[in-house]
Structure formats: structure tokens, C-alpha cells
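Please look over the model shown here with its helices in mind.

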Amino acid sequence: MVSVIGAVLILLILWDAFETVVLPRRVARRLRITGIYFRVLGEIWFAIAERMRNARRREAYLSLFGPLSLILLLATWAAGLVLSFALIHWEAGARAAPTEETANFWTA
């Protein structure tokens with residue numbers, strides 16, 4: 001069952017990456033990893049910017065959002081894929097060491 005969840009997560013992450021990077025149009029689906037990611041990160045980022053009094057500093061801070069959010073989105077996708085493959089590997093009975101001991105999730 002855990003490996004099925006891992007496989008579904010892999011498919012969802014790869015499909016979300018495809019829709020975000022490759023498709024030339026906006027995707028109308030309500031629940032997307034990228035949409036949730038930008039909604040949460042944007043609210044936090046802009047709430048911090050609203051508290052800044054110096055306009056020049058605030059603009060410099062806001063100009064970092066685009067490039068950093070893209071890098072963090074790629075890192076989020078990568079972390080999700082690593083977690084998903086770890087679920088599959090763990091379910092398959094991963095071996096942490098040459099001993100007969102079965103690996104736990106974090107070792108997988």
C-alpha cells in the first residue's frame with residue numbers, strides 16, 4: 001500500500017512539473033502542487049514585505065521572490081520525488097546494510 005502512495009506521488013509531482021514548465025496555457029485544475037506552493041510562499045513573503053518601512057529595501061526584497069521561488073519550487077519537486085521513491089524502496093524491503101536487518105523508512 002505504501003508503494004502505491006509513493007507511485008501516485010511520483011506521478012502527481014511529474015505531472016505538476018509538466019503542466020508548470022511545458023504547457024503553454026494556464027491549467028484550470030483547482031488542486032495543484034505549484035498553486036498551493038505559490039499561494040503559501042507568496043502570502044508569507046508579501047506579509048514580511050508589508051512590514052518593511054524602507055521602500056527601496058522592500059522593493060529589493062520583493063524582487064528576489066521570482067528567482068528564489070523558482071529555485072525553491074524545483075527543490076520542493078526534488079524532495080517530493082526523493083520521498084516518494086523512498087516510500088517505494090522502503091515497501092520493497094530495502095536493506096540498510098549487508099546484514100539481515102530491514103531498513104526503516106529514514107534509512108530507505
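## Basis

This is a predicted model, in which local features need pLDDT of at least 70 and side-chain atom pairs count only at pLDDT 80 or more, while totals for chains, interfaces and linings use all residues. Residues are numbered from 1 along each chain as its sequence is written, and side-chain values use heavy atoms, with hydrogens and water left out.

## Helix α2

Helices are DSSP runs of H or I with at least four residues, numbered from the N terminus.

Buried residues (under 20% relative accessible area, with exposed meaning over 50% and partly exposed in between, for a 1.4 Å probe and protein chains only) in α2 are T34, Y37, L41, G42, W45 and A49. Because they cover an arc of only 115° around the axis, judged by the directions from the helix axis to the C-beta atoms, they lie on the same side of α2. On the other side of α2, E43 and E50 are exposed. The cover over the buried residues includes α1 (2–21), α3 (55–63) and α4 (65–91).

## Helix pairs

Axes here are lines fitted to C-alpha atoms, for helices over the stretch in contact, with angles from 0 to 180 degrees between N-to-C directions. The axes of α2 and α3 come within 10 Å and cross at roughly 170°, which makes α2 roughly antiparallel to α3 (the term applies over 145 degrees). Their contact (heavy atoms within 4.5 Å) is made by W45, F46, I48 and A49 of α2 and R58, Y61 and L62 of α3.

The axes of α1 and α4 come within 7 Å and cross at roughly 160°, so α1 is roughly antiparallel to α4.

Definitions and conventions
Helix = DSSP H or I, 4+ residues; strand = E, 2+ residues; numbered from the N terminus. Parallel < 35°, antiparallel > 145°, perpendicular 65-115°, else oblique.
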